[in-house]
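Take a moment with the sequence and the model before reading on.

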Amino acid sequence: MAAPANGGAACCGGAKGPGYATPLDAMEKGPREKLLYVTCVYNGTGINKPDYLATVDVDPNSPTYSKVIHRLPVAHVGDELHHSGWNACSSCHGDPSASRRFLILPSLLSGRVYVVDTLKDPRAPALHKVVEAEDIAEKTGLGFPHTSHCLASGDIMISCLGDKEGNAAGNGFLLLDSEFNVKGRWEKPGHSPLFGYDYWYQPRHKTMISSSWGAPAAFRNGFDLQHVQDGLYGRHLHVYDWPGGELKQTLDLGSTGLLPLEVRFLHDPSKDTGYVGCALTSNMVRFFKTADGSWSHEVAISIEPLKVRNWILPEMPGLITDFVISLDDCYLYLVNWLHGDIRQYNIENPAKPVLAGQLWVGGLLQKGSEVVYVTDDDKEEQYSVPQVKGNRLRGGPQMIQLSLDGKRVYVTNSLFSKWDEQFYGPDLVKKGSHMLQIDVDTEKGGLSINPDFFVDFGTEPEGPSLAHEMRYPGGDCTSDIWI
């Protein structure tokens, strides 16, 4: 949630609203997660059914632990549910009138936005409202909605990746009011970014930073390397005045920062640094404020591409598609969707992350795959990937979520249906996704798979589905922002 329109502090002082007063309060006082809401996709799988929101039981003391206990289909076929956000979060912890009740589900391809009521029955959410794509396009010109965050005013802000035809030039930021009516655009006229994707803000530094995937007209049909050379994918961060909406600076990440996707500041609202995961070049780029008040960047983590055989290219990037930061800003977790590993880094010195843990949970290079990587001495190798509850792991780690206490990572394996099909084929698209839970050693570092947790979306009643982003009912490391 953002600062109020005047840029001041959060709403009302003493009374308690949603979330937690500080990130450390959430980490130390927050309850263990019992439910996860997961966006699940049928679009692109050959199953002509609406996408849906799954409720997954993650309470180890429950008889339905590690199972889908409810499915809420949305109203239409072909939406491509993707990311999600809340109508209120920890930024309005001081406002007793605010309530974390509605989960916002932008539909990446159709342009609709679904609003889901989670309060009446958290285990069985209900559809509350549909914001139609035509209404959004008519009033703002925007399409392809992606990242949703809440504002202290009660408004909802959603990044949109293009116009309704899929041109990147039409992208910007959609505002919905507290009743989920279309208000307009957030950014000032003439201040739209080059490309759209994710965004995060740090109100104490009066700054919002957005990232840039690419033109929807390009990515929606699959990935073509020529489109990168043609300028249809991004390599920039866009620095905005917050909450004013004026584009102050554009950071060109160059050849080391191709396809910058998820972007996060450190959770501590006083900190003026954060990271963006650059998928194609597989670098974590750190951004930071300089002495003169402008923003700069540097590569903080670099995942080297691997020489491979039996693949479409001679070298395979890791393809960093998601990362999370623990609420104490001590650890960063990232995934390499193609290589198949999850990594844990100590970021107590944000400029010099140190690898603390690594675990393979899928990928194109696991034993039994046709693809091999080639060592420096020309030996062909593959990674050992464990089975979980007798199941071979499909796809690669794609979206991750961290428990409030920092001790458990949840991971799904679908990126975007068209790209799932292109890179993993029927092994993922026809067999469906799964969700894993990884145990974290927060003292010495290290990752280990929970052998008792496996949610198989390949056995869903309507057929195998593709699982993407995960949310806890009470907020999490990627939904809540502190002011």
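Which residues on the other side of α2 are exposed? They are Glu134 and Glu138. Exposed means over 50% relative accessible area, buried under 20%, and partly exposed in between (1.4 Å probe, protein chains only). This is a predicted model: local features need pLDDT of at least 70, side-chain atom pairs count only at pLDDT 80 or more, and totals for chains, interfaces and linings use all residues. Residues are numbered from 1 along each chain as its sequence is written, and side-chain values use heavy atoms, without hydrogens or water.

Helix α2 spans residues 133-140. Its buried residues are Ala133, Ile136, Ala137 and Thr140. Seen down the axis of α2, they fall within an arc of 95°, so they line one face of the helix. That arc is taken from the directions from the helix axis to the C-beta atoms. An α-helix has 3.6 residues a turn, so residues three or four places apart point the same way.

What does the buried face meet? The buried residues of α2 pack against β6 (113-117), β7 (126-131), β10 (172-176) and β11 (182-185). Contact here means heavy atoms within 4.5 Å. Helices (H or I, at least four residues) and strands (E, at least two) are DSSP runs, numbered from the N terminus. After α2 comes Gly141, with a positive phi near 80°.

Now the cysteines. The structure holds zero disulfides, a disulfide being a pair of cysteine sulfur atoms within 2.5 Å. For Cys89, the nearest cysteine sulfur is that of Cys150, 3.6 Å away. Cys89 is buried, at 0% relative accessibility. For Cys160, the nearest cysteine sulfur is also that of Cys150, 16 Å away. Cys160 is buried, with a relative accessible area of 1%.
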